[in-house]
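Biologist: I would like to learn how to read a model like this one. Where do we start?

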Amino acid sequence: MTIYNHVLHGCAPVPLAGYLKAFGVFRLVAEQVDPAAAGFWRDERFILRTVLAEDELVRFFVDEFKPTPVVAPWNNGSGFWPKDNKDNKAEFKAIKAIRTSNDPRLSAYNDAIRICERIICTRGFSEIPKDEKRRRQMKAALIGALRASLSEEACRWLDGALALTADGLRFPPILGTGGNDGRLDFSNNFMRHVTEIIGNETREPRESLICSLFYAPCAHLEKGAVGQFYPGQAGGLNAGVGFEADSRINPWDFVFTIEGALVFAAAAARRHAADGKAALAFPFTTLTVGAGSGAAAIPDEAGSRNEFWAPLWSRATHLEEMLLLMSEGRAVVDGGSARNGLDFARAVGQLGVARGIHAFQRYGFLERAGKAYFATPLGRVRVRENPCSSLISELDRGGWLSRARKIVRDKNAPSSLRAGGRSLDEALFRLAGDGSTEAVQQALIAVGALMAKVGRRPRLRKDLPPPPRLSRKWVRAADDESHEYALAAALASLTSLNGKSESFRLPFRRHLAPLDWPKGRESWSDTTESRALVVWGGRSLIRDMGLVLKRRLIKARGHGFVGDDNQAELPLHGWRSASLAAVAAFLAGRTDDTRIGALAVGLAWTTVSQAERSSVIECEDALPFAYAALKPLFAPEGVGPATEQKKLLDPLVLVRLIEAGRVADAVTCAQAMARGAGLSAPYARRAPAQALNPARLAAALVFPIAPKARERLVACAYPNLTRNEENDDNAA
């Protein structure tokens, strides 16, 4: 037996009409002529595998195929109500044509129409009530009666168009609001196009069928509405050769589209095990997120009819397998169903790998032409195993991410906060599908930027707590081994030497937002002391780092340089260390300061324990003498010879000299202080030879460096020379 692989060029994943057409063709062939038929996607086209040759396939649809009875008597304009019976409209002529037809292919359709008319008559319905409550009651009674009387084929349309639940009627977005899109009723338009391709003696349907299936040229397209399925054919201004074009459609396209939509029959499911109310779980459908694509924004979410994730697979699949996949069309993340597009993106890797899906085409049902809805393509999401997508779960501990997304969508939220929320959604969308270090960094940057905006607004701080501390997995996944990342991570790791002290707890993030630890739990604080520590403005890295350095030294002076167990310290200790090579690049202006600042603000919300302190491999690089002379005096544990007890100095005066542009004086003062602490200062009469930006030099003093790196600086600026060597050097 010969098996044919038909490439249906007219069935592409975009637009939605092309995607649904593929399902319609596949379903009709498998159910009515070839039960062994299979289908899959390849090179942006649907491949139909069947025993039918091309001419046999065409002949089947032209001469044999039986359409599904699609009727919607619950809608105004469906053709079943007295006001709808207008003989001068093609849509209403179609229902009459089917009802009086003797074609055996339309017998099931004829029966369904007669049942609908009988139920409306026997129930005494004369018109659809204008009152909303009465209209819902009437529709519920009518739909219940239809479900009890219609054939199984006709009930498939009911399942695809709407469902009755404990919460009332629910509608899947693929078929609008119960089989209609505004005033456009899908059922009577379907009837109209059915009568154009079945039993129409004035038109040959073969040419338009070949055009629909194989994208061949077609001499004539019907004038008619295409609804939400095919935005490019909706007509309007600049939609054709002239200034304006009519909406044109191939009747086969509309018929196949509706037939394909019936694959996604709705199914009622429990929201939660403890919830007695039932909600509708439509296959691969979630709440809309206005991110992850340039075609949607946060304001689009309010009026959206949700979004649909269309699965694409590359392995030949039979209809039974496909229907099973659609009936199970739920994505699970963190033990629960995906609630929105971002959750679905997080679950895509696990769901796709488990079901053999290689990609999802994302659609949003958005208002685009007045109040009309279009199935707007929102991008393609490839399925790949991405361990980094699990990082997003840490942000939603305690529901923090959900609360953050809700706050930025508040109608009173400032535009800058909305922009921050959009950036966070975009970054998390990318992270869900891309496990690169760049994607992780972008997510950290977005978190940090959003929290900087929240931290500056007392009203927002009441609604949103600080984010949960992100684990070391974030720190490792974001590390691209660049100088910028090394410096940002070192800066963000700043803390007091003994972080257990409640009275002197000084992590770097306290400079970003007012924080405190009542009862050992981090929260916002409105105390004067907490607000005074917030000095990070976010506009200039150099300026902000200089302010951080001064604020930490002033804080230490106010506490008498006392930490845990009366251990003297300067609050310049960090769990991560910057390499001297990175510091040298920073001093020379060879680093991206904007990136360092953005990364540091994001990394501030991560946690690194003492056991995970980084071991820095030092690289040889030219370091200015001024930095080598100044940095050892900022050692948290103090200054002094290695064999003696360290002496804690107060280097705040050095910072003020540097800020005044007196770098040479600051170096001279530092050498005098070092000599007083017991270090040898043989180069005390040498002025710094290299011109430095004073503000950049002060900023560089903030970066924590490893003890071995500090020893190297001491050996460079304060070598332990013999007295004769020192005198000879001073004389020189």
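**Reading the core**

Modeller: Of the 214 residues in the largest nonpolar core, Phe61 and Trp157 touch the most other members. Helix H1 (residues 16–32) gives the most to this core, with 11 residues. This is a predicted model: local features need pLDDT of at least 70, side-chain atom pairs count only at pLDDT 80 or more, and totals for chains, interfaces and linings use all residues. Residues are numbered from 1 along each chain as its sequence is written, and side-chain values use heavy atoms, without hydrogens and water.

Biologist: What is a nonpolar core?

Modeller: In soluble globular proteins, nonpolar side chains tend to be buried together. A nonpolar core is a set of buried Ala, Val, Leu, Ile, Met, Phe, Trp, Tyr and Cys residues joined through side-chain atoms within 4.5 Å. Buried means under 20% relative accessible area, exposed over 50%, partly exposed in between (1.4 Å probe, protein chains only).

Biologist: Which residues does Phe61 touch?

Modeller: Contact means heavy atoms within 4.5 Å. Leaving out residues up to four places away in sequence, Phe61 touches Val25, Leu28, Val29, Arg105, Leu209, Leu213, Trp252 and Phe256.

Biologist: How many residues of helix H9 are buried?

Modeller: Helices are DSSP runs (H or I, at least four residues), numbered from the N terminus. In H9 (residues 251–261), 11 of 11 residues are buried. Among them are Trp252, Asp253 and Glu259.

Biologist: Why does Cys211 count as buried, and why does Cys121 count as exposed?

Modeller: Cys211 counts as buried because its relative accessibility is 14%. Cys121 is at 62%, so Cys121 counts as exposed.

Note on methods: Helices (H or I, at least four residues) and strands (E, at least two) are DSSP runs, numbered from the N terminus.
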